[in-house]
Amino acid sequence: MLNEPLRYEVQGALEYNVTDLQPDTHYLIQIAALTRKGDGARSTPLSVKTPGGVPNRPTIILKYVLS
């Protein structure tokens with residue numbers, strides 16, 4: 001559905017490959033830790049735009065860097 005938030009649950013990974021994105025589209029991406037007590041604070045949104053004019057759906061690779 002258009003403008004519907006997507007949620008991916010990933011365990012034990014510091015990198016996740018987001019697939020099935022639309023070409024020439026802006027996305028806001030946030031991450032949060034999920035625990036038994038609920039969701040953690042969300043990260044600052046990262047704005048990305050997929051390239052346009054490609055024959056296949058583009059992919060964005062997100063990496064979380066521990067500081």
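Where is the place of Asp20? Select Asp20 and look: it sits in the loop between β1 and β2.

**Before you go on.** This is a predicted model, in which local features need pLDDT of at least 70 and side-chain atom pairs count only at pLDDT 80 or more, while totals for chains, interfaces and linings use all residues. Residues are numbered from 1 along each chain as its sequence is written, and side-chain values use heavy atoms, with hydrogens and water left out. Strands are DSSP runs (E, at least two residues), numbered from the N terminus.

Stop 1: Most residues other than glycine have a negative phi. Asp20 is exposed, with a relative accessible area of 58%. Here exposed means over 50%, buried under 20%, and partly exposed in between (1.4 Å probe, protein chains only).

Now select Asp24, in the loop between β1 and β2. Phi of Asp24 is also positive, near 50°. Asp24 counts as partly exposed, at 47% relative accessibility.

**Stop 2: Thr50.** Select Thr50, in the loop between β5 (46–49) and β6. Thr50 is buried, at 2% relative accessibility. Which backbone atoms lie by its side chain? The backbone oxygen of Gln22 is 2.6 Å from a polar atom of the Thr50 side chain. The backbone nitrogen of Asp24 is 3.1 Å from a polar atom of that side chain. A polar contact is a pair of N or O atoms within 3.5 Å; within protein, one must be able to donate a hydrogen and the other to accept it, and residues adjacent in sequence count only if both atoms are side-chain atoms.

**Stop 3: β6.** Colour Ile60 to Lys63 by side chain. Ile60 and Leu62 point to one face and are buried. β1 and β6 pair in the antiparallel sense over four bridges; pairing takes at least two DSSP bridges. Val18 stands opposite Ile60.

**Stop 4: the largest pocket.** Its volume is about 1,700 Å³, the space filled by probe spheres set on grid points joined across faces, edges and corners. A pocket is an open set of points on a 1 Å grid over the protein atoms alone where a 1.4 Å probe fits, with protein on both sides within 12 Å along at least five of seven lines; lining residues have an atom within 4 Å of a point. Of the 39 lining residues, select the closest to the centre: Leu6, Tyr8, Ile29, Gln30 and Ile31. Then show β1 (15–18), β2 (26–29) and β6 (60–63), the elements that give two or more residues to the lining. β2 gives the most, with four residues.
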